[in-house]
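Student: Could you take me through this structure and, for each label you attach to a residue, set the value against the rule behind it?

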Amino acid sequence: NTKGLVNSPISDNHLLPTSIQTKMVNEGKSLAEALLSAKAEGRLTVGVYECAKIMNEDPDSVSFCLLATDDFECDIALQIHFTLIQAFCFDNDISIVRVNDLKRLNALVGAKGQLEDAHCVLITNPAEDSWEDPALEKLHMFCEESRSYNEWVPEITLLER
């Protein structure tokens with residue numbers, strides 16, 4: 001009797017990518033936690049040019065990269081920047097994800113009432129003597145698992161606040 005195994009990711013390998021899709025939504029909470037924690041600790045860099053500067057000066061300090069667009073956005077210069085940032089992240093073993101809700105991301109990373117250029121956001125490594133961020137660890141695991149399914153830049157949905 002395989003009735004109980006039909007929806008099991010263990011029994012049907014073709015269902016595993018669906019579990020990844022479900023995790024994309026679930027990881028939204030971890031992403032929000034990691035961003036708020038990094039912001040409170042001063043480990044957040046916001047803006048395409050600011051992020052490129054950090055990546056150029058100290059790539060080893062970067063722990064996580066987030067690229068954000070709205071679905072209707074089709075700025076070719078921004079897409080070129082994204083391609084270069086993605087390549088840099090792959091070359092330097094930096095976890096990277098996409099978010100398609102710039103407004104929600106701005107609400108998390110920007111100052112109250114102020115819009116930021118949140119198309120690119122970096123989280124830098126915590127200080128040597130501090131604890132690892134569990135939310136960030138979850139995101140790294142999610143990225144690693146996504147890469148195993150050739151999803152190189154997985155998309156995460158930020159939850160409503």
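Tutor: What follows goes from the overall fold to the cores, the charged pairs, the cysteines and the surface.

Tutor: This is a predicted model, in which local features need pLDDT of at least 70 and side-chain atom pairs count only at pLDDT 80 or more, while totals for chains, interfaces and linings use all residues. Residues are numbered from 1 along each chain as its sequence is written, and side-chain values use heavy atoms, with hydrogens and water left out.

Student: What makes up the secondary structure of the protein chain?

Tutor: Counting DSSP runs, with helices as H or I of at least four residues and strands as E of at least two, numbered from the N terminus, the protein chain has five helices and four strands. From the N terminus on, their order is α-β-α-β-α-β-α-β-α. Among contacts (heavy atoms within 4.5 Å) between residues at least 6 apart in sequence, 80% join residues at least 24 apart.

Student: Which residues touch the most other members of the largest nonpolar core?

Tutor: A nonpolar core is a set of buried Ala, Val, Leu, Ile, Met, Phe, Trp, Tyr and Cys residues joined through side-chain atoms within 4.5 Å, where buried means under 20% relative accessible area, exposed over 50%, and partly exposed in between, with a 1.4 Å probe and protein chains only. The largest such core has 26 residues, of which Leu31, Leu35, Leu105, Val109 and Val121 touch the most other members. The elements that give two or more residues to this core include helix H1 (16–40), strand S2 (62–68), strand S4 (120–124) and helix H5 (134–147). Leaving aside neighbours within four places in sequence, Val121 is in contact with residues including Leu35, Val46, Phe64, Leu105 and Val109. Apart from this core lies another, of 15 residues, among them Met55, Leu78, Ile96 and Val153.

Student: Why are Glu41 and Arg43 called a salt bridge?

Tutor: The rule asks for a side-chain nitrogen of Lys or Arg within 4 Å of a carboxyl oxygen of Asp or Glu; the side chains of Glu41 and Arg43 meet at 2.6 Å, N to O, and therefore qualify. Arg43 is called buried because its relative accessible area is 6%, whereas Glu41, at 49%, is partly exposed. By this rule the count comes to two salt bridges, and Arg104 forms one with Asp101, the closest N and O atoms being 3.0 Å apart. Arg104 is partly exposed because its relative accessible area is 22%, while Asp101, at 19%, counts as buried.

Student: Why is Ile76 called exposed?

Tutor: Ile76 is called exposed because its relative accessible area is 62%, against the threshold of over 50%. Ile76 lies in helix H3 (residues 76–91), and together with Ile80 and Leu84 makes a nonpolar surface patch of about 330 Å². Such patches are made of residues with over 30% relative accessible area and no salt bridge, like charges being joined within 9 Å and nonpolar side chains (Val, Leu, Ile, Met, Phe, Trp, Tyr) within 5 Å.

Methods: Areas by Shrake-Rupley, 256 points an atom, 1.4 Å probe, with all protein chains shown as cover.
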